[in-house]
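Work through the two exercises below with the model open beside you, and try each task before reading its solution.

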Amino acid sequence: MDDSRDNAKTCRPKRFSFRGAATSPWHQRATRCARNDSDQLTTTSSTSNILQPATGKMGLKMTIIGTVLATLAANPATAAQPRAARPIPAPMRDLVWGKLNFLHTTDTHGWHAGHLQESQYSADWGDYISFAEHMRQKADDLGVDLLVVDTGDRVEGNGLYDASSPKGKYYYDIYKEQDVDVICTGNHELYIASTADREYERTVENFSGRYVASNLDYVKGDGERVEMAQRYRRFRTKNQGVEVVAMGFLFDFGGNANNTVVKRVGDVVREGWFQRLVREQEKPDLWLVIGHVGVQMEEFKTVFGEIRRWNGDAPILFFGGHVHVRDATSYDERSFAMASGRYFETIGWMSVDGAIKKAEEDPKGERGLSFHRRYIDNNLLGLYHHSGLNASTFHTQHGKNVTSMIAKARKELELDYTFGCAPQDYWMTRSPYPGPDSIYTLLEEEVIPDIAVNPKRKDVPRLVIVNTGAIRFDIFKGAFTRDSTYITSPFLSVLNYIPDVPYHAAKKVIKLLNNAGKIMADAHMDNEFMAIPEQLSIRESIIYDTPANPFSEDGIQKPMGQHGHEEPFLVEGYTTRDDIGDDGDDALHSRINFYVVPNCIQSELSFPEEGEPETVDLVFFDFIQPWVLMALKFNGAVYTDKDVSLYVEGTFTELFAGWIEDNWPAKC
């Protein structure tokens, strides 16, 4: 133990009482970027962004990269949050404009203050508002259109949302300041009945006429079942006059609270309203489908197939989410789909050019379309570059007001209160498990043995099982704050147990949870829901032997203005390869390894020094209780919910924060 920690702890005013978020499996790794600790950034002049609509046929050619070393100068306090890490200049790919352009966010999970410890994602919601306002003006100047869309999971996962009582006390007023054109629901808006109530009463109302809920109903307090919001929206764009029909879907989700009803997408496309819409003689110019659905998932393909069946060569655009990855694909040559990451790290950009409108042809008499996508790192240097502005011209009064709202909320919620100082980085997927840098090894070997203790049964041998999806984010070396607790684990997860389970059955549970996906799926228990979401799309580890050179030998990707043989310093971050190619990220980064993790981890505690115990207490997070009971049943040990009790008081979030306060130094 560090004596300085004990001495410093006397200065701490209190230990917080936590109010966690909904129990849920979802989490995602972070890509930590280097921080610039100097007072000034070393920069060169910023290249002005030439904003002209793109032309050309399908093929999605890569935009020539412009070197961007924009300057974060003057008064950084007007930009992002006061404690946010300053972004580091990076080589940039420009945006390609078309007749119709989009900004997209998804799975922001309360991160509207930005990433205070990650320089490349450190812009906040106020900065995004300034950016959107400037980009709308650019669109007007060019005579083209810009639409802003959001595809759900705006709540749960950050202190700005989770630390208040009631939850979202500040969030709803902050979020509504963005002018979103089309918006829909995610699964995290539905886990808890009170969250669904606030979504219906606040967000749907705040975006009345723009919120679409094509397969979601809401049950009012008196039992009346109504549409969560309109099933679709039909409108014309401001400058080009493109007639758009927009719909919003949620994947076939079954974990929603009983005051909501999620309809299966396959059933909805056969409903009368949908069939009438897609078969109408007066066709729209373009179909816009947003949804909390991965772009590779069957739900989107089902919607696409039914629209295309009745709508010839109409452009069909999809904006997805849910799986927390940057991704893009096309279902045919006149469709395009993209997902824009998670946690407000990414602002998605899509542009469409060519023959969008029904009667429109290009000069050669063809109806060709071109699509472009870009994954924008959410930091001020990138936003300055893409808007063609700088630190003194970028920040609108509206955006600065929202930045101030966020700072005030964070202060009132005391999100910077420090529980302890993390001695090192602990990674979810950037380091192998088991291993000294794995957050799951930290839990398995140090945290769980200390917190999974029932005083009356502390000497009884026990197996403690925790699902990896209960952890949402990495821990960075340095201050572990009140905000960090919700970022790492925002859920209301508690430790339940079944006493005196025969060891021969209990010891086989972890293997079934991790390796028997087919067996469990046949029993309608999908093991993937216990793990991290990106493993829905990433099945194997991605390990790079050497750091990647982002510049090809033929110079195609070499930034303009880069001379000689020296390569620019690249911060670690996204190096996305999707179905379109590897040129989607706006900023060039060095690669990060990705190590697949199991669905669950297990700690063996109070075991005899020799031999095996006859029985054990089987302890587990309440979220995975259905899987645990099913696994026991497969091994001949039949238990029901009535056999399960609470093992230790307090949520995991509370217990973990207490452990940190007791075991890590108070000062960094």
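**Exercise 1: a helix and its sheet**

Helix 2 (residues 125-142) lies across strand 3 (100-105), strand 4, strand 15 (346-354) and strand 16, and runs at about 155 degrees to strand 4. The model is predicted, so local features need pLDDT of at least 70 and side-chain atom pairs count only at pLDDT 80 or more, while totals for chains, interfaces and linings use all residues. Residues are numbered from 1 along each chain as its sequence is written, and side-chain values use heavy atoms, with hydrogens and water left out.

Task: find in which order the five strands form the open sheet, and which strands stand at its edges.

Solution. Begin with the order, which is 5-4-3-15-16, with mixed pairing; strands (E, at least two residues) and helices (H or I, at least four) are DSSP runs numbered from the N terminus, and two strands pair if DSSP finds at least two bridges between them. Next, strand 5 (182-183) and strand 16 (369-377) stand at the edges, and because each has a single partner strand, one side of each is left without a neighbour in the sheet. Finally, strand 4 (residues 145-150) pairs with strand 5 in the parallel sense over two bridges, and Val-149 stands opposite Val-182 in strand 5.

**Exercise 2: the disulfide**

Task: identify which cysteines form the disulfide, and decide whether Cys-421 is buried or exposed.

Solution. The sulfur atoms of Cys-421 and Cys-668 lie 2.3 Å apart and form a disulfide, a term that requires cysteine sulfur atoms within 2.5 Å. The pair links distant parts of the chain, 247 residues apart, with Cys-421 in strand 17 (residues 418-422) and Cys-668 in the segment after helix 17 (652-663). Cys-421 is buried, with a relative accessible area of 10%, whereas Cys-668 is exposed at 66% (buried means under 20%, exposed over 50%, partly exposed in between, with a 1.4 Å probe and protein chains only).

Notes: Contact = heavy atoms within 4.5 Å. Axes fitted to C-alpha atoms, helices over the stretch in contact; angles between N-to-C directions.
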